Amino acid sequence: MNTKELIAAEIAKVVPELEQENIQNLLETPKNADMGDLAFPAFSLAKVLRKAPQMIAADIAEKIDASNFEKVEAVGPYINFFLDKSKISADVLGQVIAQGSHYADQNIGHGRNIAFDMSSPNIAKPFSIGHLRSTVIADALANIIAKQGYKPVRINHLGDWGKQFGMLIVAYKKWGSEEAVKANPINELLQLYVRINAEAEEDPSVDEEARESLVEFNRLYDELGVSFDSYNGEAFYNDKMDEVVDILTQKGLLQESQGAQVVNLEKYGIEHPALIKKSDGATLYITRDLAAALYRKRTYDFAKAIYVVGNEQSAHFKQLKAVLKEMGYDWSDDMTHVAFGLVTKNGKKLSTRKGNVILLEPTIAEA
């Protein structure tokens with residue numbers, strides 16, 4: 001018997017007019033711990049018993065068997081129950097020991113997917129402390145929802161535009177010649193680049209090797225005990241953005257603004273329009289994130305998509321959801337931005353480019 005069932009059973013003994021299930025549904029958690037752990041409001045009994053709720057609460061509190069609680073007291077129209085902490089602790093610990101890793105398992109999710117956009121470092125830079133919060137907060141949430149019967153899909157949306165340098169490094173290691181590169185650097189590197197990309201199309205492991213040749217993140221993720229289901233990053237969506245622009249065009253959502261293509265979002269209370277294409281035709285983060293959202297919905301059919309990203313990106317995610325809503329995708333309501341505060345050093349935002357950075361690996365080693 002859980003705590004609510006216990007309280008409902010005791011109240012039902014005193015007030016037979018109410019069914020135990022109804023009593024259980026009426027129980028509330030007080031805002032202030034000084035008012036008890038759970039409380040029963042007596043308002044619902046006023047018409048039945050033809051008494052003021054305060055009198056009903058006082059009467060029930062006096063008659064109830066308080067031996068299973070620290071104390072039971074009436075405060076105004078509420079009966080406040082203070083639980084026996086030592087007894088409950090013993091019960092809970094007993095369940096934990098008996099059930100082990102299956103303690104608190106539920107099947108609310110029925111195996112549905114929840115996609116987590118998390119960590120997402122730039123592979124051309126060292127892993128900084130700034131990526132730690134996204135990684136560990138999202139992983140903790142993923143572990144919790146797995147307990148609820150959902151299937152977490154951990155996505156590391158890598159900043160991998162620097163991957164081409166990794167491709168060149170792999171190509172040079174495989175076939176490169178220092179003399180040839182020195183003699184004709186541009187043409188030689190171009191040939192190596194074309195050759196390695198052709199091989200990567202046949203062998204996906206080349207793609208991974210290119211990433212690993214820049215920065216070995218996996219060693220750090222192993223230290224943190226975090227693993228991923230997808231490493232599809234920015235480059236992966238490069239050929240998927242045209243569809244987004246086509247859909248926006250077909251639906252008449254794109255407007256021209258100073259040569260750029262934008263989506264007006266004033267109806268959603270968003271002052272600034274979403275910039276989809278710059279005047280030079282270049283796409284932006286939001287175009288890529290729209291393509292990523294479409295791909296993830298189609299691939300994982302997620303029940304929820306959770307973006308664990310810094311608070312400074314809040315406006316971006318509001319725009320992202322609003323544009324998807326305009327496109328007719330109501331599942332955008334299932335997208336949530338879990339924000340966290342900015343990591344700073346000496347009061348300033350971290351910046352690898354400016355050398356104002358705290359590297360993660362030595363920090364973990366020190367910790």
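Select glutamate 202 to begin: its relative accessibility is 70%, so glutamate 202 counts as exposed (exposed is over 50% relative accessible area, buried under 20%, partly exposed in between, with a 1.4 Å probe and protein chains only). This is a predicted model, in which local features need pLDDT of at least 70 and side-chain atom pairs count only at pLDDT 80 or more, while totals for chains, interfaces and linings use all residues. Residues are numbered from 1 along each chain as its sequence is written, and side-chain values use heavy atoms, leaving out hydrogens and water.

Glutamate 202 lies in helix 9, residues 185–202 (helices are DSSP runs of H or I with at least four residues, strands are runs of E with at least two, and both are numbered from the N terminus).

Together with Glu202 they form a negative surface patch. Patch residues have over 30% relative accessible area and no salt bridge, and like charges are joined within 9 Å; a salt bridge is a side-chain nitrogen of Lys or Arg within 4 Å of a carboxyl oxygen of Asp or Glu.

Glutamate 70 is partly exposed, at 49% relative accessible area. Beyond residues up to four places away in sequence, glutamate 70 touches Phe82, Leu83, Asp84 and Lys85 (contact means heavy atoms within 4.5 Å).

Last, select lysine 151, in strand 5, residues 151–155. Leaving aside neighbours within four places in sequence, its contacts are Gly111, Arg112, Asn113, Ile114 and Ile145.

Terms used:
Patches are made of residues with over 30% relative accessible area and no salt bridge: like charges are joined within 9 Å, nonpolar side chains (Val, Leu, Ile, Met, Phe, Trp, Tyr) within 5 Å. Accessible areas come from the Shrake-Rupley method with a 1.4 Å probe; for residues, only the protein chains shown count as cover. Lys and Arg count as positive and Asp and Glu as negative; His and the chain ends are not counted. The place of a charge is taken as NZ of Lys, CZ of Arg, CG of Asp or CD of Glu.
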